[in-house]
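Here is a structure to read closely.

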Amino acid sequence: MPDRRAVNDTISFIRGLITDSLPNIGIILGTGLGGLVKDIHITHKIDYKDIPHFPVSTVESHHGYLIFGTIAGKNCVIMQGRFHFYEGYLHDDITYPVQVMAALGLKNLIISNACGGLNPIFHKADLMIMRDHINFHFTTPFRGNGYHRYCNRHPYDRDLINLAEGVALENEIKIQKGVYLSLHGPHLETRAEYHMVRKLGADAVGMSTIPEALQAVNHNMKVIGLSIITDMGLPDILKPAALHEILETAAEAEPNLTLLTEKIIEKMIV
Amino acid sequence: MTEQKKKIFESANFLKGKNPFKKISPFAIVTYYNPSFIKAFKIVKRVSYKDIPPPFSSGNEKLNGDVLFAAHKNKNLIILNGHVNYYDGYDMNDAAHYIYVLQALGVAKILFIDEVGHLNPRFKAGSVALIYDHINLMGNNPLIGENDNSIGPRFPDMSNAYDEKWTADIEKFLIDKKFRFYPSVYIGVTGPETETEAECRLYREIGADVLGYCLVPENIAAVHAGLSCAAFGIISRELVADRLVEISEEEKLSNRQKAEKSFASILAELVSSIK
């Protein structure tokens, strides 16, 4: 576990920079929510590599900045660029930023991701609210670390889910709800694997989000997970997925996800 | 050049120096250690894994197996005789290493042969499975970590992990030869302990027909490196939940040998038919 002193180092570095009021909402930007950055009134943008003890992202399509600013008049901290298990990070590293957020006193976390749809009623470019998850990483952020209070019955906050559904309805955004299953990646799944994870109860399959959500819940944060369905993993009619198509679909869904996120933040009680 | 690539080149250059043929074959077989069907080929040169530099981080001393430069009729081929087993404590990267070495040597097609148990009640121990797809339930894979883009893409597509066209050709070949085979989905688990009855039931429920310990990491590495793959399972034991019985090592071996014996002539002919 990143020891307490490391987190304290990071916190005092951040507190040294941010003199105005601290944020209360954290956002982890996944593939397809990058555009949200344009709508932030940015007060500080810090490169991950300048932050003491912060891991550094290796994926090309992800930048690594911690951004402080306001969205819809609310103070937020945004992770632009995240850490994935398939990059070789341990769950400790992946969830380090969440521990820092918790230490900063944040109470709410919005996590977004791009994932493959398994539920045949879903379509490419649909948005999905994560109702629940299945961890297939064969490890957790708490392995060997003890835990504070973790209860995994409802990692995703019921009030935030209701709020998000209401917001989607009001703004006429089509929304799905489903169970997200995370595998290691980085390779995509075989037909037999899509078949298996669907049978196990998943509506969507991805490679991220679960470690951060677990850590946030452990720190008493309210979590909401928002997914973009970037391709369909229907085993019987599976075609090779191209990375550029996945990114194109993410871009197609981005305006809706950005709007949804902003409206959720606007209505969030913090 | 990444550390990984340097290691691959070091091994590949060493093997190039040992190659007895004018040209290195674009075709390779990867099999478990010393099956009787490799006797169908003429072994021209044998290089033990232990002697191939650089050693794995977990050590090569106990590594069992060798690289065989073999000939059959007018064809030559490379055989990796022996898997690098995850259950022996080797990393997935170690199992992947030899696959990347094959690619660096110019191999474009790999036929994998793994020893398996059958979960599907209609199958028979002592026979041969043709593998169409796999499920990775090993809790790990060889691509986790930094990616070397010169080896393969960050997010490889697995929708054609076992080349559809090549597998269809093999299927046609086997049917023409009236050779009985079992079409299968393979599930990869770590082993080495045998499976409980509840596990066998679970693996069957989630869609697997046969089970093994070695194929998955090798196949993932091969797909990552852009190689065309096909795979056979040599069925040495029955793992059907509702009638699960303990079987002895001797019985397993005799089942395996029975399958190997019927498979040997077919394999040799299959190899000579590969374009």
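This is a predicted model: local features need pLDDT of at least 70, side-chain atom pairs count only at pLDDT 80 or more; totals for chains, interfaces and linings use all residues.

Q: How do you know that the span of helix 2 of chain B agrees with its 14 residues?

A: The expected span of a helix is 1.5 Å times one less than its number of residues. For helix 2 of chain B (residues 92-105) that gives 20 Å. The end C-alpha atoms are 20 Å apart, which agrees.

Q: Why is helix 2 of chain B called largely enclosed?

A: A residue is buried if 20 or more other C-beta atoms lie within 10 Å of its own, exposed if 12 or fewer, and partly exposed in between; C-beta atoms are placed from the backbone. In helix 2 of chain B, 13 of the 14 residues are buried, so the rest of the structure largely encloses it.

Q: What makes strand 9 of chain A largely enclosed?

A: The count of buried residues does: 11 of the 11 in strand 9 (residues 222-232) of chain A.

Q: How do you know which strands pair with strand 9 of chain A, and in which sense?

A: Two strands pair if DSSP finds at least two bridges between them. Strand 6 (residues 127-135) of chain A has 3 bridges to strand 9 of chain A, in the antiparallel sense. Ile129(A) faces Leu226(A) in that pairing.

Q: Which residues does a cis peptide bond join, and what is omega?

A: In chain A, the bond joins Gly185(A) and Pro186(A), with omega about 5°. Pro186(A) sits in the loop between strand 7 (175-182) and helix 5 (191-199) of chain A. In chain B, the bond joins Pro53(B) and Pro54(B), with omega about -10°. Pro54(B) belongs to the loop between strand 2 (42-48) and strand 3 (66-72) of chain B.

Q: Why is Ala125(A) called buried?

A: It has 21 other C-beta atoms within 10 Å, so Ala125(A) is buried. Ala125(A) is in the loop between strand 5 and strand 6 of chain A. Its phi is positive, about 75°, although it is not a glycine.

Q: What makes Thr209(A) buried?

A: Its 26 other C-beta atoms within 10 Å do. Thr209(A) lies in the loop between strand 8 (204-206) and helix 6 (210-218) of chain A. Its phi is near 70°, a positive value in a residue other than glycine.

Q: Why does His154(A) count as exposed?

A: Because His154(A) has 12 C-beta neighbours inside 10 Å. His154(A) is in the loop between strand 6 and helix 4 (158-170) of chain A. Its C-alpha atom is 8.4 Å from that of Arg131(A), 23 residues apart along the chain.

Q: Why is chain B called as compact as a globular protein of its length?

A: Chain B has 6 helices and 9 strands. Its radius of gyration is 18 Å, close to the 19 Å that the globule rule gives for 275 residues, so chain B is as compact as a globular protein of that length. The radius is taken over C-alpha atoms, and the rule is 2.2 Å times the number of residues to the power 0.38. Buried residues make up 47% of chain B.

Q: Where is helix 6 of chain B kinked?

A: The kink, about 40°, is centred on Phe263(B). The bend at a residue is the angle between axes fitted to the seven residues ending there and the seven starting there. Phe263(B) is also one of the buried residues of helix 6 of chain B.

Conventions: Residues are numbered from 1 along each chain as its sequence is written. Chains are lettered from A and ligands numbered from 1 in the order in which they are written. Helices (H or I, at least four residues) and strands (E, at least two) are DSSP runs, numbered from the N terminus.
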